[in-house]
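Subject: Structure handover

Hello,

Here is the structure for you to look at. My notes follow below it.

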Amino acid sequence: MASRVAATVNGGEAGVAVSAAAPSQTAPSAPRVFLDPQNDEAARLLDGIDTLILDCDGVLWTGSKTIAGAPEALQLLRDQGKRLRFVTNNSSKSRAQYVSKFRGLGIEADASEVMSSSYGAAAYLQSIGFGISLQPGKKVLLLGPEGVEHELALAGVPFVAARGLGLPIYDSPDAMLRMEVDTGIGAVVVGLRELPGCFLVATNTDDFDYIGGGRTMPGTGCIVAAVETASGSKAVNVGKGGPWLFPFLCSSLGLDPARTAVVGDRLDTDIALAREGGMLAILPLTGVATLDDALAAPPCKAPDAVVSSVAALAGL
């Protein structure tokens with residue numbers, strides 16, 4: 001079997017494998033822009049919308065600070081009968097850990113409403129029967145944070161956490177030659193050439209993350225690209241921007257795309273997800289993408305509307 005995709009790189013509807021839908025790249029010639037605080041037309045965007053898929057970083061909070069009006073906006077949307085789902089490419093936390101963060105920031109949320117990419121990695125592996133029908137008896141070598149560890153454990157996916165192994169530095173040909181490969185590993189992110197048939201799974205391929213103050217930091221995509229290049233394998237991206245997530249959301253949530261809106265601050269992940277699924281794409285200007293970015297975006301990443309914030313979207 002060709003090296004396709006299942007070690008988990010940083011960052012499950014458990015049991016159901018789904019294929020990617022054909023992308024829908026229909027977008028307006030230019031997004032509608034609602035930035036006048038005296039104009040409540042932004043709230044009318046959600047007429048006929050039942051479900052909102054909301055990003056977290058850059059939409060609800062930045063780092064450990066809540067974005068102004070976000071808690072009140074979410075409560076108002078709930079009061080209006082909107083179904084809220086929080087979908088994030090940040091794999092640093094499990095769903096339960098995200099709920100704790102939500103509540104610490106004054107936002108009510110339940111674990112069933114959270115779709116983190118840490119959970120996505122576990123769900124994907126579970127859906128393909130990894131360790132059971134596929135690669136029976138094998139385990140995952142995880143290069144990623146604690147959140148993925150928690151979700152893999154909950155899904156019953158066996159794994160070895162690389163961060164706890166105290167791995168030596170392989171910085172020379174001699175050191176690489178001394179490396180011993182554990183043949184019990186069935187999903188790895190290092191040494192794929194030594195273990196053909198292993199899968200490579202990426203929780204996301206974001207090239208950078210916005211950390212506030214006008215600063216960014218390298219994202220998971222940098223690690224994924226390095227591993228892909230070194231191994232000659234292509235990762236399955238289970239986060240926003242990859243082909244797996246939208247069919248999974250449709251299956252697990254019973255989405256009606258025509259009555260669903262995606263609210264997110266990145267064109268390459270959030271808005272691309274909306275375009276792929278034919279959902280309403282709304283860009284708040286509280287995170288990564290700017291108005292100029294939105295106006296210059298190609299159809300596959302162009303929002304339908306630009307608002308100042310999620311609070312403005314709720315009419316606050």
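H2 is followed by Gly106, whose phi is positive, near 80 degrees. Helices (H or I, at least four residues) and strands (E, at least two) are DSSP runs, numbered from the N terminus.

Two points on the source. This is a predicted model: local features need pLDDT of at least 70, side-chain atom pairs count only at pLDDT 80 or more, and totals for chains, interfaces and linings use all residues. Residues are numbered from 1 along each chain as its sequence is written, and side-chain values use heavy atoms, with hydrogens and water left out.

Helix H2 covers residues 95-104, and Tyr98, Val99, Lys101 and Phe102 are buried there. Buried means under 20% relative accessible area, exposed over 50%, partly exposed in between (1.4 Å probe, protein chains only). Down the axis of H2, the buried residues fall within an arc of 160 degrees, so they line one face of the helix. That arc is taken from the directions from the helix axis to the C-beta atoms. Exposed Ser100 and Gly104 sit on the face turned away from the buried side.

What do the buried residues of H2 pack against? Strands E4 (61-62), E6 (83-88) and E7 (114-116). Contact means heavy atoms within 4.5 Å.

Now Thr51. It lies in strand E3 (residues 51-54). Thr51 is buried, at a relative accessible area of 4%. Not counting residues up to four places away in sequence, Thr51 touches Arg83, Leu255, Arg259, Thr260 and Ala261.

Best wishes
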